[in-house]
Amino acid sequence: MNSFSEVFECVKKYCASNGNVSNVALNLWINALEPEELSGNNAIFYVQSDFQKSIVQTNYEKLLNDAFKNVLGFDTNIVIRIRSESKSDKLSFEEMQKKHIQLEESFETAEYDYTFDTFIVGRSNEFAYAASTAVARDMHRASTYNPLFIYGASGLGKTHLLTAIANEMKRNDPEMKIICVSGEAFSNELIEAIKMKKDTTKFHEKYRNADVLLVDDVQFIAGRESTQEEFFHTFNELYRSAKQIVLASDRPPKEIKSLEERLRTRFEWGLIADIQPPDLETRISILLRKASMLNFELPLDVAEFIAMQIKDDIRQLEGTVKKMNAHRIIDGITPTILCAQGAIKDIQQEHRPIPITVEKILEEISRTFGNSIEDIRGSRRDSDISFARQVTMYVLREVTPLTMEEIGQEFSNRNHSTVTHALKRISNLIANDSRLRGTVEDIIKNVKG
């Protein structure tokens, strides 16, 4: 994760899964928070009114604190500021409540199901769309496009297509056993079963008896020996049984450097389809569709202006429309190009890079090498733990501004010479070991987002 907005996306997912909050309330109060920056331990947000600030602080601040702790690994102070002293701030409590109810009602129809009908098709994604529909509607064989491997940058619709495949198959055959999971969740589930000394038979049965397996962000299994071993056998079992496998990643198999060769070749057995950033016409269609779902008319010239400014991320397009809709309802602002400029500025500010946390790097190293974070930070000198510790020091030096002394302090106050030795050793090994070099490159890519 390299921006506050990406951190906040994970926070929102945690709130949705663990907060016992309705979808409408989630959209209105939590999703509508405008992330500004992560400054030290302060997570700073903007809202449009005192009323909105009061609701969030009263009802959702503890949930947000728990979510940030889960995502970042440290306690965070939620700071909420008012965007501006607009005319909406002068309205009575009753009038503001009516406006927020109106906004809440608009959100009730704003979230579409992830189906093929709601996927906007353009030249940038039509091949991936066609392959996905073919897989979803071919209920009796899994051969030509097995596996189907979809890759592309974040925010371009890979998850939408995977979910659409699952929804279409479930609609055609409600009894079909479909598993849709992320690569990270698959890895964590396996690690938890091993760590807790649970019987892994249930884990095997869950995945190897599926009719369809869809794995998002499959790049996260790379470099993790036990996870790749398990996924290899799961893949083989499903493939031999002619069960459909669909995988999605931020890069093609050949660019996942620490992926075992036996898995890479299997991922390339079927069909590989990429998704590129949408062209101008597709971006305009996405904006108009989202505005229509929010029950407001977005002028074509405004949609064209937004589409010219935001070119690479569908989530930013949708976020801009949502922000303009909130201004329209709460502040009575007409959706003009001037209004769009402000909304775009807010959205783009949300994507400013933030420092990668030590905890995030430690979590990735722990998952990759199978050592606990406590052991990596601690004083144990077992060869495997020492090696994981040295790789961690190397990655910290590569992607954070920490000095040698500061890096040493993260590992039981080790001295400058110990850190220097670790960096030299890993640098030399990487220069002569392409497999380790690929593993480290993948670790860095994963911690960056």
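## Reading charges and cores in a predicted model

Tutor: Let's start with a lysine: Lys-158 lies in helix α7 (residues 158-172). Helices (H or I, at least four residues) and strands (E, at least two) are DSSP runs, numbered from the N terminus. This is a predicted model, where local features need pLDDT of at least 70, side-chain atom pairs count only at pLDDT 80 or more, and totals for chains, interfaces and linings use all residues. Residues are numbered from 1 along each chain as its sequence is written, and side-chain values use heavy atoms, with hydrogens and water left out.

Student: Is Lys-158 buried or exposed?

Tutor: Buried means under 20% relative accessible area, exposed over 50%, and partly exposed in between (1.4 Å probe, protein chains only). Lys-158 is buried.

Student: Which side chain of opposite charge is nearest to Lys-158?

Tutor: Lys and Arg count as positive, Asp and Glu as negative; His and the chain ends are not counted. A salt bridge needs a side-chain nitrogen of Lys or Arg within 4 Å of a carboxyl oxygen of Asp or Glu. For Lys-158 the nearest is Asp-217, 5.4 Å away, and Lys-158 has no salt bridge. Its side chain does reach the backbone oxygen of Gly-152 at 2.8 Å.

Student: How many salt bridges does the structure hold?

Tutor: Side chains of opposite charge can pair when their charged atoms come close. Here there are 23 salt bridges. In one of them, Lys-323 meets Glu-34 at 3.5 Å, N to O. That pair links distant parts of the chain, with Lys-323 in helix α14 (residues 314-331) and Glu-34 in strand β1 (residues 34-39), 289 residues apart.

Student: Why do Lys-323 and Glu-34 count as buried?

Tutor: Lys-323 is buried because its relative accessible area is 9%, and Glu-34 because its value is 5%.

Student: And what partner does Arg-123 have in a salt bridge?

Tutor: Asp-279, with the closest N and O atoms 3.1 Å apart. Arg-123 counts as exposed at 65% relative accessibility, while Asp-279 counts as buried at 16%. Salt bridges that share partners join Arg-123, Asp-279 and Glu-281 into one network.

Student: How many residues does the largest nonpolar core have?

Tutor: A nonpolar core is a set of buried Ala, Val, Leu, Ile, Met, Phe, Trp, Tyr and Cys residues joined through side-chain atoms within 4.5 Å. The largest has 28 residues, and those with the most contacts inside it include Phe-8, Ile-30 and Phe-68. Its largest share, six residues, comes from α4.

Key:
Polar contact = N/O pair within 3.5 Å; in protein donor to acceptor, adjacent residues only side chain to side chain.
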